[in-house]
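Take a look at the structure below. The text that follows starts with a single residue and then steps back to the whole chain.

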Amino acid sequence: MNVRRVESISAQLEEASSTGDSVEDELEMATVRHRPEALELLEAQSKFTKKELQILYRGFKNECPSGVVNEETFKEIYSQFFPQGDSTTYAHFLFNAFDTDHNGAVSFEDFIKGLSILLRGTVQEKLNWAFNLYDINKDGYITKEEMLYIMKAIYDMMGKCTYPVLKEDAPRQHVETFFQKMDKNKDGVVTIDEFIESCQKDENIMRSMQLFENVI
């Protein structure tokens with residue numbers, strides 16, 4: 001999934017929201033056999049309407065008939081959007097960010113909670129989500145090594161045809177620059193407060209680190 005994928009999802013939701021009840025009835029019938037038991041709860045926990053959740057669930061079930069996505073399937077789906085590069089590593093990190101309970105599978109509920117933040121969350125919510133992506137070992141800090149892993153994965157995913165003139169050490173130089181800006185107290189790690197403050201103050205950091213919609 002990438003920004004084009006997000007825009008496509010947004011367009012589908014807007015189109016469906018402008019249609020009549022017949023579409024809603026059709027989707028209700030299409031999902032009634034497999035709809036999540038906690039659909040109403042999910043509506044309350046996310047920023048999607050019932051109709052939007054039905055539409056998203058139908059699409060989710062079309063791609064993932066079992067109702068959950070394991071990491072290998074997630075990688076296969078994601079690779080379709082970046083044929084020019086190798087998205088395997090980035091998809092691994094992204095899968096872990098969606099898999100909030102770390103059980104090795106992304107359910108529809110996991111997917112909706114993440115998508116709700118990325119599509120309709122506040123800046124604070126989106127930055128919190130992005131911090132979790134970069135915090136690979138989930139210890140509450142981002143190290144320079146973790147940032148480098150993510151940055152290398154992004155460069156690999158975009159492919160040499162996108163960045164043909166970049167040097168091999170470009171990801172490391174990129175990380176050195178931004179890590180110095182983020183690590184305010186120079187203790188070798190970036191806390192969530194340092195991360196959020198740096199991103200909010202520097203648009204170049206947000207853009208270069210593939211935050212917000214570009215993060216997926």
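Start with Ser 107. At 16% relative accessibility, this serine is buried, because buried means under 20% relative accessible area. Keep in mind that the model is predicted.

Where does Ser 107 sit in the fold? It is found in strand 2, which covers residues 105-107. And which residues does Ser 107 touch, leaving aside those up to four places away in sequence? They are Phe 60, Gly 67 and Val 68.

Now widen the view to the annotated domains. An unreviewed UniProt entry places the feature "domain: EF-hand" at residues 86-121, 122-157 and 170-205.

Look next at residues 122-157. This span is 72% helix and 6% strand. The C-alpha atoms at its ends lie 27 Å apart. Then turn to residues 170-205. Here too the chain is 72% helix and 6% strand. The end C-alpha atoms of residues 170-205 are 15 Å apart.

Step back to the whole chain. Its secondary structure comes to twelve helices and four strands. The chain has 216 residues, and 45% of them are buried. Its accessible surface comes to about 11,400 Å². Carbon and sulfur atoms account for 50% of that surface.

The cysteines come next. A disulfide is a covalent bond between the sulfur atoms of two cysteines. How many disulfides does the model have, if the sulfur atoms must lie within 2.5 Å? The count comes to zero. Two cysteines can still be placed in the model. Cys 64 has a relative accessible area of 6%, so it is buried. Cys 199 has a relative accessible area of 0%, so it is buried as well.

Finally, consider the predictor's confidence. The chain averages a pLDDT of 80. A score of at least 70 is reached by 74% of the residues. Which stretches fall under 50? One is residues 20-34, where pLDDT stays under 50. The model has 15 contacts beyond four places in sequence for residues 20-34. Another is residues 211-216, where the pLDDT is below 50. Beyond near neighbours in sequence, residues 211-216 have 34 contacts in the model.

Conventions. Residues are numbered from 1 along each chain as its sequence is written. This is a predicted model: local features need pLDDT of at least 70, side-chain atom pairs count only at pLDDT 80 or more; totals for chains, interfaces and linings use all residues. Side-chain values use heavy atoms; hydrogens and water are left out. Helices (H or I, at least four residues) and strands (E, at least two) are DSSP runs, numbered from the N terminus. Buried means under 20% relative accessible area, exposed over 50%, partly exposed in between (1.4 Å probe, protein chains only). Contact means heavy atoms within 4.5 Å. UniProt positions are given in the numbering used here, feature names are shortened, and annotations may be inferred rather than shown by experiment. Accessible areas come from the Shrake-Rupley method with a 1.4 Å probe; for residues, only the protein chains shown count as cover. pLDDT is the predictor's confidence in each residue, from 0 to 100. A disulfide is a pair of cysteine sulfur atoms within 2.5 Å.
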